[in-house]
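Dear colleague,

Please find below the structure that I am handing over to you. My findings follow directly after it.

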Amino acid sequence: MKQIRKSWRKLTNAVNNRGMQFLISLSFTFVALVGMAFIGVFLYQSYGRASEDVVIQDTQQLLGQVEMNLNTYLRNMMRISDAMYYNVIKNVDFARDDISQELNLLYEVNKDNLVSISCFTEEGELIGASPVGTMKDNADIQDQTWFTSAKDKMENLHFSELHVQNIFENSSGRYYWVVSLSRVELTSDGKLSGGILLVDMDFSGIRQLFTKVNSQELSYVYLVDGDGKIIYHPRQNLIFSNMLKENNQQAVSYSDGLHRENFQGQDRMVMVKTVGYTGWKIVSVTPMTNFYQNFSQTRIMAVIIIIISILVMIFANQFVAVRVSMPLKSLEDSLRGIGVEQERLAEGAGEGIYIGGPPEIQHLGETIKSMVKQLRKLTDDIVKEQEEKRKSELDALQSQINPHFLYNT
């Protein structure tokens with residue numbers, strides 16, 4: 001502590017021993033830098049919050065648009081299911097009627113969005129299918145996830161998780177990723193019984209919707225079902241092969257809106273939007289590192305502006321310090337001869353004193369000049385008075401000496 005005080009005292013003395021110009025410039029620069037630092041921090045934080053609000057608003061609009069497009073796509077699939085269920089299945093008795101023609105017609109009309117459409121009994125027996133009507137010999141329908149899930153659900157409408165539909169014979173050997181839409185309840189021999197109407201939606205339609213919105217680098221959007229299973233993810237091949245992890249099980253528990261999380265040591269901003277009746281959730285993830293990297297250019301520009309401002313400020317402070325201190329320095333230089341340069345003062349008292357600069361310094365110069373003149377006048381009066389006094393003393397002495405000379409004479 002003592003050493004700090006000693007160092008501070010030395011620094012203070014060193015600063016005080018410098019000229020007025022240095023002190024003025026240093027003071028102005030320090031005050032300006034402190035003010036600029038506070039303003040810079042405030043503006044930086046305000047801009048950061050404003051940028052984050054803009055990202056949040058853009059993400060909300062993006063999720064709203066994705067939800068609207070996805071709802072439109074799913075409603076089209078539901079209309080296909082409704083048309084088949086209410087216009088055909090509810091009006092036929094499977095003990096004596098065949099629905100193959102209706103299935104083929106419905107598939108041909110909607111084949112751009114469908115992979116297949118089929119109907120099964122509660123025991124997994126195929127009633128009809130289009131475009132392929134032959135199942136594989138080793139296909140066990142009752143073990144299929146979409147089949148068991150549809151039977152276990154009480155709802156009349158059920159969306160399955162993403163899966164590969166490979167129960168039908170396919171000469172090309174090509175099988176598609178699908179999301180299945182299932183309905184239950186059939187009529188046979190005039191009695192209601194359980195059954196499954198299966199509408200396999202082509203997953204490429206959903207992929208196209210999300211591919212468009214995942215073109216930006218700042219964030220990405222994925223889709224999960226009500227159980228947290230991924231339906232679409234821009235890196236789902238890596239996730240399905242366990243080469244990449246996603247926090248989808250946590251995301252499905254989030255309510256709609258903005259959330260902040262830390263996943264695998266990474267801070268992320270997560271926004272969730274539920275797709276109505278399906279229970280699916282659209283999840284937008286913005287890693288904060290990406291956000292700050294995108295913000296880095298703004299930081300660099302701000303630093304450049306601050307450096308330029310500091311240089312301009314130093315120049316301006318130097319200019320002001322010179323303007324303030326130069327008249328005082330000139331006045332100081334002109335006063336250094338007082339009491340030393342007697343000859344110059346004798347020639348013209350106060351004629352060499354500087355008068356200039358701001359009005360206050362001019363007034364100070366004129367006052368000092370007047371004081372020098374008065375001082376010179378007083379000095380002259382004193383000298384004159386002393387000379388007269390010596391002359392009077394000489395005269396008195398002379399008057400005393402004269403009688404003595406006369407007497408002696």
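Two strands are taken to pair if DSSP finds at least two bridges between them, strands being DSSP runs of E with at least two residues and helices runs of H or I with at least four residues, both numbered from the N terminus. In this sense, Cys-119 has Gly-128 in β2 as its bridge partner. Strand β1 (residues 114-121) and β2 are paired in the antiparallel sense over four bridges.

The model is predicted, so local features need pLDDT of at least 70 and side-chain atom pairs count only at pLDDT 80 or more, while totals for chains, interfaces and linings use all residues. Residues are numbered from 1 along each chain as its sequence is written, and side-chain values use heavy atoms, with hydrogens and water left out.

Overall, the protein has 10 helices and 12 strands. Of its 409 residues, 34% count as buried (under 20% relative accessible area, with exposed over 50% and partly exposed in between; 1.4 Å probe, protein chains only). Among contacts (heavy atoms within 4.5 Å) with a separation of 6 or more, 57% are between residues 24 or more positions apart.

The sheet to which β1 belongs is open and has five strands in the order β2-β1-β7-β4-β3, with antiparallel pairing. Because β2 (126-130) and β3 (158-165) stand at the edges with a single partner strand each, one side of each has no neighbour in the sheet. From one strand to the next, the twist averages 20 degrees. Helix α5 (residues 203-213) lies across β3, β4 (176-183) and β7 (195-202), and runs at about 45 degrees to β7; axes are lines fitted to C-alpha atoms, for helices over the stretch in contact, and angles run from 0 to 180 degrees between N-to-C directions.

Within β1 lies Ser-116, which is buried at a relative accessible area of 6%. Leaving out residues up to four places away in sequence, Ser-116 touches Tyr-107, Ser-130, Pro-131, Phe-168, Leu-198, Val-199 and Asp-200.

Leu-258 is partly exposed, with a relative accessible area of 35%. Beyond its neighbours within four places in sequence, Leu-258 is in contact with Ile-56, Met-269, Val-270 and Met-271. Gln-60 is 198 residues from Leu-258 in sequence, yet their C-alpha atoms are 9.1 Å apart in space.

With kind regards
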